[in-house]
Amino acid sequence: MYLENISKIYDEKGSNPVIALKDITISFKPSTMYAIMGESGSGKTTLLNIIGLLDRATQGKYLLDNKDINDYNETELAKIRNNKIGFVFQNYFLDNKLTALENILLPTIINNKYSKDEYLKKAQNLLKEFGLSERANHNPKQLSGGECQRVAIIRALINDPEIIIADEPTGNLDSKHEQEIFKLLKDISRTGKCVIVVSHNSNIKKYCDEIFYLEEGTLTTYENNH
Amino acid sequence: MRIIIKGLIDKPKLKKNITLIFSLILTLTFSFYTFYYFDLKKTENNEKIENRTLYFKTNASEKSLLKGFDDKIESQEINDSEDYSFVVFKTRDDLESFSLTKKDSLKDIVVNVTTTGQLENNMSLILQIVIIVTEILLVTLSIIFNLNYILNVKEEIFLYHVLGYKRPNTIGIIYIFLLFLSCIAICTLTFINYLICLITNLPIFIITSVIKANIISIIITNILSYIISIIYISSHNLNSLK
Ligand SMILES: Nc1ncnc2c1ncn2[C@@H]1O[C@H](COP(=O)(O)OP(=O)(O)OP(=O)(O)O)[C@@H](O)[C@H]1O
Ligand SMILES: [Mg+2]
């Protein structure tokens, strides 16, 4: 994954355009855990949305598997999101009307990498692995924050994505569960996936291989933990 | 597909809303029934001869009083030898308009006029108010339910978008399905209402026209909410598309 001179301007033609990102050049590799840090409003979410194909850059080039994403239309982008990218959010984004298991299966409905039964089995295995097998048929409302986030992580993993994107995954959790989620994400990165985490929290540093700092839309510092 | 539909329908809320709408429609039906009943009784009463008759003291001026009302009078008996005379009007309304216009001159000479049930008049007024209020409630609530639904579904649509669902086709189809479901629910309610009409022998046309108006309003709000959600889905992030 390679982003070159990415800029993002909100409300470009409007009365007060906001320059959220300026000339960002950044690349990501598999089997690595990245952190993007920075103050509130520095453009972290904007950058993640562009990486996650939820939004397009105003300027710049974004190569995913050596293909320019500007060549894809919205439908193709949706397909890539479903297949290659897993999302984790601060507020979990689980549907309260569905059980944990159903929430996990939501992205599999439009994906035919595996059969229905295989997906079900996979989901159950992951639930077990994450210590949630007892919770499969509970509603998110009945789960604790940490459990909800683990369910969300399983949902992000269910389609075997290459990239996991997490925007403040521990923003609503206490420090004990925070460590637990960071550890999980780190383990996931060791299975060959590229994990990108946005966080205010400096505790994340010790789990990450590479750390980027954003300041008012520009990339300022870069740290390598090796 | 089953999961998606389950995720889009808020069952407890839907149940609550349908119960509310159903009870409002029942209230409406009941009000109509009693309203019709009182109306019937009133007409019946007004047709009675004693309710169309005005008795007054025999007096030299009565002939000139009746001038201009000739075509509204069914029969009259003006008798100088008796203590009083009487006039029978064709309808109760004629009598009332006559007494109203000639109020001052009649004040001293009217002996007797039967008053029709004041209570019934009040009742039908109250019922009319009830009907109008329920009607307004029904329409407002159905609009509120729909708006509420859109606002809730907005977040879910974003979730589906993140998870890689195409827009707007997939969600659009699901939404049409939901629209279809709600139409079925409304039609069932209407059918029950229709049965009530048949059983109670009411003038079906009044009630059905009200119900038709309701269904149309509900369908319109549904379609509106569909259009709005389509606009929402397609506008999402499109502003940044080149
Ligand atoms: N849809 C939008 N329209 C206009 N401006 C926006 C929009 N989204 C974000 N911005 C602006 O872009 C800048 C960066 O926002 P962004 O959400 O990326 O920050 P962030 O680093 O994620 O902040 P936080 O840590 O609070 O989540 C901010 O100044 C914000 O006001
Ligand atoms: Mg943010």
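Q: Is Arg150(A) buried or exposed?
A: Go by relative accessible area: under 20% is buried, over 50% exposed, and partly exposed lies in between (1.4 Å probe, protein chains only). Arg150(A) comes out at 14%, so buried. Bear in mind that this is a predicted model, where local features need pLDDT of at least 70 and side-chain atom pairs count only at pLDDT 80 or more, while totals for chains, interfaces and linings use all residues. Side-chain values use heavy atoms, without hydrogens and water; residues are numbered from 1 along each chain as its sequence is written, with chains lettered from A and ligands numbered from 1 in the order written.

Q: Which residue forms a salt bridge with Arg150(A)?
A: The rule asks for a side-chain nitrogen of Lys or Arg within 4 Å of a carboxyl oxygen of Asp or Glu. Here the partner is Glu180(A), with the closest N and O atoms 3.2 Å apart. Glu180(A) sits in helix 6 and Arg150(A) in helix 5 of chain A, so the pair ties together parts 30 residues apart in sequence. (Helices are DSSP runs of H or I, at least four residues, and strands are E runs of at least two, numbered from the N terminus.) Glu180(A) itself is partly exposed, at 27%.

Q: How many salt bridges are there over all chains?
A: Eleven. In one of them, Arg190(A) meets Asp209(A) at 2.9 Å, N to O. Asp209(A) is buried at 3%, whereas Arg190(A) is partly exposed at 42%. Lys186(A) joins these two in a network.
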